[in-house]
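The following note sets out numbered points for a colleague who is examining this model. Please read them alongside the sequence and the coordinates.

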Amino acid sequence: MKKDLSYYAPPGMELEQEKKIFTIGMILSSLFSFLLFGIEFSDCMEKLYWKNGAERSVIPGAMMTNFVELFGESTIGFKVVFALMIAAAVMHYAYHTWESKSIYTMRRLPSRWELHRRCLTLPICGMLISKVAAFAILLICYGFYVGLVPKECVISGQWQKIINILWQII
Amino acid sequence: MLELHNVSKSYTGKKALQNINLQIPQGEIIGLFGENSAGKTTMMKCILGLLRYSGKITLDGEPITHKNIARISFATCEHSFFPGLSPKGHKEFYGEHFPKFSEKRFDSLMKFFELPMNKSLSSFSTGQKNQFEVILALSQGADYILMDEPFAGNDIFNREDFYKVLLGILEPNETVFLSTHLIEEVADFIGRAILIHKGEIIGDVSVMDLEEEGKDLVSYIKETYHYRSDRVSKALEELTGEE
């Protein structure tokens, strides 16, 4: 059997719809993350400055909001994608009872793990990709934060704060 | 030899199989007969490990596990193929998973039944689906071929064709364990009949022995089940009031 994506999915299952949903989900999640973070970030940046006509200067003693608070729920889209992957795994198992009982064939194969391999591989990959993408977006946003916020306004220990709640925010 | 020792199975308190003891040697065609919900399907599913049961089922003395399960194939009226996959896809899948899968037999049977190779199974008629289900079971390269009412929905011509093919292609080591209600149709080519009633084996007979006693299979089955041929006429009398 040709080892394309279908090799890791239930035999005969139409994957196009799942691929489309996953791709759209990832694109929308990325856009949503940047948009939400961008709005929060620019609002907080504004509060660091006072303006006098075209001139603007940092307000003495003004401190930037912590990155983790700004980033907040920006990656919620990826959490939705993650949940959809769990649903996809359930659907892959259920597929073996639609129209026929191909579950009987899968359960009596000499290779014991074939059923689980075909039902779980793609959803698990999707989950991992969503987590990696969320982390990559966090890094990009943190890069903006570090690069654009005046150094004197950054509260120390930002990275440590990220590490402390990393699992929650991605 | 496929052996069942004291096999019992219950569904939420209701006994589906009760202390079944059975020996099925290689190279026989065996008919399994019984009324609906007698336990025929349950017995086959227990053999395949699709249901949990108490007792012991062995294949040449070994428990049936993933190591020897390829020696048993299964054709069911519920169908066990992948509806979204074409016969060509099934051929590749079975070839990959069953070491003794016979491409030659698969191709010959596909040709004989004139089934399309590249269409998905979901586009097949019920009769074609049944034929394909049987083709897969016969081509898997199994020593024991379990068939659970595989012809439900097929017309008589189709079934007769199948019986001829079956008799023509079976190797001496291949055993067919066939559950069906079509007793008259299979009576001529089965070698042994097993009768099951309410989860218990109530008859196990060689067709040759029956013939020697001057009995035919249908009469034997009716006799064993205590079939009362006068019950229809009595019911009609009661309904119509006529004698």
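1. Two residues are in contact here if their C-beta atoms, placed from the backbone, lie within 7 Å. Helices (H or I, at least four residues) and strands (E, at least two) are DSSP runs, numbered from the N terminus. The model is predicted: local features need pLDDT of at least 70 and side-chain atom pairs count only at pLDDT 80 or more, whereas totals for chains, interfaces and linings use all residues. Residues are numbered from 1 along each chain as its sequence is written, and chains are lettered from A and ligands numbered from 1 in the order in which they are written.

2. Overall form of chain A. Seven helices and two strands make up the secondary structure of chain A, in the order α-β-β-α-α-α-α-α-α from the N terminus. Its radius of gyration is 23 Å, well over the 15 Å that the globule rule gives for 170 residues, so chain A is more spread out than a compact globule. The radius is taken over C-alpha atoms, and the rule is 2.2 Å times the number of residues to the power 0.38. The C-alpha trace of chain A spans about 75 × 30 × 25 Å along its principal axes.

3. Burial and contacts in chain A. Of its 170 residues, 26% count as buried; the criterion is 20 or more other C-beta atoms within 10 Å of the residue's own, with exposed meaning 12 or fewer and partly exposed in between, and C-beta atoms placed from the backbone. Among contacts between residues of chain A at least 6 apart in sequence, 79% join residues at least 24 apart.

4. Packing of H1(A) on H3(A). Two packed helices are described by the angle between their axes and the distance between the axes. For helix H1 (residues 16-46) and helix H3 (residues 76-95) of chain A, the axes come within 8 Å and cross at roughly 160°. Axes are lines fitted to C-alpha atoms, for helices over the stretch in contact, and angles run from 0 to 180 degrees between N-to-C directions. The crossing of H1(A) and H3(A) is left-handed, a term used if the near helix is turned anticlockwise from the far one by less than a right angle, with right-handed used if clockwise.

5. Residues joining H1(A) and H3(A). From H1(A), the residues that meet H3(A) include A:Glu18, A:Phe22, A:Met26 and A:Phe32, and their partners in H3(A) include A:Phe78, A:Val81 and A:Leu84. By class, this contact has 10 nonpolar, four polar and one charged residues. Ala, Val, Leu, Ile, Met, Phe, Trp, Tyr, Cys and Pro count as nonpolar, Asp, Glu, Lys and Arg as charged, and the others, Gly among them, as polar.

6. Packing of H1(A) on H5(A). H1(A) also packs with helix H5 (residues 114-148) of chain A, at an angle of about 25° and with the axes 11 Å apart. These two helices are therefore roughly parallel to each other, and the crossing of H1(A) and H5(A) is right-handed. On the H1(A) side the contact includes A:Phe22, A:Met26 and A:Phe37, and on the H5(A) side A:Ala133, A:Ile137 and A:Phe144. Its residues divide into eight nonpolar, three polar and no charged.

7. A:Glu69. This residue is found in helix H2 (residues 67-71) of chain A. With 11 C-beta neighbours inside 10 Å, A:Glu69 counts as exposed. Its C-alpha atom is separated by 9.7 Å from that of A:Ile162, 93 residues apart along the chain.

8. Overall form of chain B. Nine helices and 10 strands are assigned in chain B. For 243 residues a compact globule would have a radius of gyration near 18 Å, and the 19 Å of chain B agrees with this. Of the 243 residues of chain B, 37% count as buried.

9. Interface. In all, 23 residues of chain B are in contact with 17 residues of chain A. Strand S6 (72-76) and helix H2 (87-97) of chain B each supply at least two residues of the side that touches chain A, and H2(B) gives the largest share, five residues.

10. Backbone of chain B. B:Asp60, not a glycine, has a positive phi of about 50°. B:Asp60 is exposed, with 11 other C-beta atoms within 10 Å.

Note on methods: Angles under 35 degrees count as roughly parallel, over 145 as roughly antiparallel, 65 to 115 as roughly perpendicular and the rest as oblique.
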